[in-house]
Amino acid sequence: MRTTGTPRAARTPATGRTRRAGRGPGAPRTLTPATALLAGALLAAATALPGFAGPAPAAAPGPSVTLISDTRLDDRALYFVSYNGLVNNNSFQKNGILTHRGHQYAAWYTADRSAVVARRALGTTDWRTLTLDHRLTTDDSHNVISMGVSAADGRLHILMDSHSDGLHYVKSEAGLMNEPAARAWRRDALGPVQTSLDGLRLTERFTYPQFVAVPGGALQLSYRAGVSGNGRNGLAEYDGGGWRALGEWTSSTGTYTSEHGSSTTRNMYLHGIDYSADGTLHAFYTWREGNSAVMCAGGGLTNHDTGYVRSTDRGRTWRTAAGTVVGTTGGGDRVAVGDPGTVADPLGPDHALMNQESQATDSRNLPHAVISYVPGRFGQCTTDYVRDRVNNGRAFHVRRDAAGAWHKTEIPEPLRSSQRTKLAFDRHDNAYAILPFGRIAAASAASGWTDWKLLYDASGLNAFGEVVLDETRLAQDGVLSFLYQERSTGTTPSPVHVIDFALPG
């Protein structure tokens with residue numbers, strides 16, 4: 001990339017002669033100090049006028065990726081395919097890898113089913129691994145490991161091994177995360193495995209733990225209560241003193257009717273739940289209906305519509321993008337399928353729309369998401385969502401602009417997979433989509449995110465499919481970092497890696 005230089009001022013050829021002030025035609029006039037100050041003020045004012053051709057600012061760089069390193073964490077990580085995914089790298093595994101105060105942390109299950117957590121200093125490849133006192137209970141790819149950091153007291157929090165049942169929780173000693181260079185990375189610093197949040201029991205059917213760092217130091221936990229097609233999303237909060245339940249904020253009731261039939265139960269699948277820099281909590285989502293009668297044929301997905309809500313009071317009250325209140329956490333009125341103004345991109349349940357994809361916000365705190373489905377040009381009825389997504393699935397970038405309008409752009413790279421894509425931004429607001437198998441596509445902010453192209457084809461990774469993105473690292477050192485697992489067969493263990501790419505500085 002070439003950076004445009006500052007234009008050089010026009011120069012008058014030197015004559016080699018010095019004119020004396022006031023002599024000869026066109027001779028320069030000597031300025032008094034007062035006149036010189038006035039002239040400077042007039043020049044400064046002129047440069048502030050619209051249309052003044054002053055020095056042009058350097059153009060922001062477009063998107064690019066430069067491979068830094070690919071580090072193997074485990075030669076023999078646990079491998080089995082369940083629900084078309086792996087337990088070590090599912091898209092909804094928020095903070096399966098994270099960065100805090102110059103150190104990066106990653107979690108996975110080893111070949112003997114043990115849960116482990118590793119740490120390294122940024123800029124090194126020296127990972128140190130600790131084994132937790134827990135082994136995965138069942139071959140279910142939902143039972144991922146998720147981590148979070150409570151800035152209020154410097155603790156690491158870990159949840160794992162849950163799918164519509166109980167939970168397994170670890171909370172480190174206070175201060176462990178605040179001074180990683182000075183604190184020993186040892187097993188007893190992580191604390192025992194609990195089956196509650198320090199005695200708080202949220203639900204008997206617990207799934208999809210996602211830790212969310214709150215501006216100001218608190219830590220929130222997003223989770224689903226209930227089961228697929230009949231569940232509610234809830235929130236809990238840790239303030240450094242202990243956990244408390246905030247309550248559920250989505251509804252599973254009401255009637256949804258498609259052209260094929262109706263359903264009276266559902267659950268909201270989050271594409272993410274994240275704070276932007278201005279303290280707004282954003283949530284993109286899709287609904288999954290409990291009754292397959294809403295589909296054109298069996299073998300599809302009952303997912304429909306991409307919705308969006310936000311909260312400006314730390315998840316207590318939920319509003320549409322336009323500001324209308326549509327739900328209260330822990331209250332009687334919850335975000336529901338029929339709430340007006342909540343649909344960002346309408347789509348019926350016949351296109352294999354994927355749940356739990358990805359979202360992010362740009363530097364203006366505007367929300368963006370990646371969704372994926374089989375476009376109508378390939379037919380209006382998916383009959384086998386895995387096959388149809390592999391053959392014809394496409395990812396789309398959905399965003400809301402400052403004027404309140406929604407935009408959608410297709411990413412021109414076939415999915416070739418039934419799985420999900422992750423979304424991230426660099427410091428210049430260029431967008432990056434990490435597609436299945438570790439491929440990286442990007443679009444420039446300058447184009448309005450319409451010039452998507454593939455930057456990295458990942459042909460040498462042998463990655464299974466989805467990756468787990470370190471969502472916390474980009475803002476700290478401009479590095480795109482994600483965890484992936486190599487493709488294997490049956491239950492033969494395979495290597496787990498962390499790969500790092502430098503983005504434009």
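The link of Cys296 and Cys381 is right-handed, with 100° about the S-S bond. It joins Cys296 to Cys381 with an S to S distance of 2.0 Å, and a disulfide here is a pair of cysteine sulfur atoms within 2.5 Å. The structure holds one disulfide. The pair links distant parts of the chain, 85 residues apart: Cys296 is in the loop between strand E18 (281–289) and strand E19 (303–311), and Cys381 is in the loop between E24 and helix H2 (385–392). Cys296 is partly exposed, at a relative accessible area of 29%, and Cys381 is partly exposed at 35%. Buried means under 20% relative accessible area, exposed over 50%, and partly exposed in between, with a 1.4 Å probe and protein chains only.

This is a predicted model, in which local features need pLDDT of at least 70 and side-chain atom pairs count only at pLDDT 80 or more, while totals for chains, interfaces and linings use all residues. Residues are numbered from 1 along each chain as its sequence is written, and side-chain values use heavy atoms, with hydrogens and water left out.

The secondary structure of the protein comes to three helices and 33 strands. Helices (H or I, at least four residues) and strands (E, at least two) are DSSP runs, numbered from the N terminus. Of the 505 residues in the protein, 56% are buried. Among contacts with a separation of 6 or more, residues 24 or more positions apart account for 56%; contact means heavy atoms within 4.5 Å.

The nonpolar cores come next. A nonpolar core is a set of buried Ala, Val, Leu, Ile, Met, Phe, Trp, Tyr and Cys residues joined through side-chain atoms within 4.5 Å. The largest one has 24 residues, of which Tyr109, Met147, Leu156, Ile158, Trp185 and Leu190 touch the most other members. At least two residues of this core come from each of strand E3 (103–109), strand E4 (114–121), strand E5 (128–135), strand E6 (145–150) and strand E7 (155–160). Another core, of 22 residues, lies apart from it and includes Ile273, Ala283, Trp287 and Trp318. In soluble globular proteins, nonpolar side chains tend to be buried together.

The aromatic rings can be followed through their pairs. There are 18 aromatic pairs in the structure. Rings of Phe, Tyr and Trp (its six-membered ring) pair if their centres lie within 6.5 Å; planes under 30 degrees apart count as stacked, over 60 as edge-to-face and the rest as tilted. Tyr238 and Trp243 form a tilted pair, 5.4 Å centre to centre with 50° between the planes. Both of these residues are buried. Tyr169, Phe211, Tyr238 and Trp243 form one aromatic cluster.

Tyr373 and Phe396 form a stacked pair, because their ring centres are 4.6 Å apart and their planes are at 10°. Tyr373 lies in strand E24 (residues 367–373) and Phe396 in strand E25 (residues 394–400), so the pair ties together parts that are 23 residues apart in sequence. Tyr373 and Phe396 are both buried. Lys408 lies over the face of Phe396, at 5.1 Å from the ring centre; a charge sits over a ring if NZ of Lys or CZ of Arg is within 6 Å of the ring centre and within 35 degrees of the ring normal.

Gln485 lies in strand E32 (residues 479–485) and is buried, with a relative accessible area of 0%. The side chain of Gln485 reaches the backbone oxygen of Leu78 at 3.0 Å and makes a polar contact with the side chain of Ser494 at 3.1 Å. A polar contact is a pair of N or O atoms within 3.5 Å; within protein, one must be able to donate a hydrogen and the other to accept it, and residues adjacent in sequence count only if both atoms are side-chain atoms. Leaving aside neighbours within four places in sequence, Gln485 is in contact with residues including Ala77, Tyr79, Asn88, Asn462, Phe464 and Val496.

Asn233, in strand E12 (residues 230–238), is buried at a relative accessible area of 5%. Not counting residues up to four places away in sequence, Asn233 touches Tyr223, Arg224, Gly247, Glu248, Trp249, Thr250, Met268 and Leu270.

Val343, in strand E22 (residues 343–345), counts as partly exposed at 40% relative accessibility. Val343 touches Asp305, Thr306 and Gly307, not counting residues up to four places away in sequence.
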